[in-house]
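Subject: Structure handover

Dear colleague,

Please find the structure below. Notes on what was found in it follow.

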Amino acid sequence: MYQLLTLLTGAVLAVMIMMNGGLAARYGIFVAAAIIHAVGSLFALTVCVLKKEKMSLWYHQPVWIYLGGAIGVLTTLFNNSAYGKISMTSIVALGLTGQLIMSILIDCLGLFGMERRSMGGKSVRGYLWGGLFVLAGILVMLDTTVISAVHAISLSFCAGIMVVLSLEKYSKNP
């Protein structure tokens, strides 16, 4: 079930990036980010009220755990900056690559309070081969865009890292 939800998340993310990029093209990157997060906050608040969830914010959590919203804003800004400069496929592929690399670092180093997961010889080779295939696929998708859109490419990659960092706060529930 969780694999299916994760797959659905990927589809929803692609649509979200397209919609957010359209807002940014119309209103500018920063105004669009404000609109996007205001609407998201209202939606989340509505769901909390409908589900009658407790809204106590200050469990005994590390302060950094509350920075997920700021990281979400950075993710939106990075994706919106890349929108229209490189293809949607490239934005999503680079974002996923950023997520993959940051997730490996979090798992291997046990960052942000996550359980450390060491990689044996087989899994390291698997990550390396998989990473090479991902990078080769991205280069094929980007074609000649690589030279003209280095800025957008790096922003999309950073957006993927930001997504992982913003999800990190949900991995350890009180």
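In H2 of this predicted model, Ala-32, Ala-33 and Ile-36 are buried (under 20% relative accessible area, with a 1.4 Å probe and protein chains only). These buried residues pack against helix H1 (2-27) and H3, contact meaning heavy atoms within 4.5 Å. Helices here are DSSP runs of H or I with at least four residues, and strands are runs of E with at least two, numbered from the N terminus.

The axes of H2 (residues 29-51) and H3 (residues 68-82) come within 10 Å and cross at roughly 135 degrees. Axes are lines fitted to C-alpha atoms over the stretch in contact, and angles run from 0 to 180 degrees between N-to-C directions. H2 and H3 are therefore oblique to each other, since angles under 35 degrees count as roughly parallel, over 145 as roughly antiparallel, 65 to 115 as roughly perpendicular and the rest as oblique. On the H2 side, the contact is made by Ile-29, Phe-30, Ala-32, Ala-33, Ile-36 and His-37; H3 supplies Gly-72, Val-73, Thr-76, Leu-77, Asn-80 and Ser-81.

After H2 comes Lys-52, with a positive phi near 55 degrees.

For the chain as a whole, there are seven helices and zero strands. Of its 174 residues, 27% count as buried.

Residues are numbered from 1 along each chain as its sequence is written, and side-chain values use heavy atoms, leaving out hydrogens and water. Local features need pLDDT of at least 70 and side-chain atom pairs count only at pLDDT 80 or more, while totals for chains, interfaces and linings use all residues.

Regards

Conventions. Buried means under 20% relative accessible area, exposed over 50%, partly exposed in between (1.4 Å probe, protein chains only).
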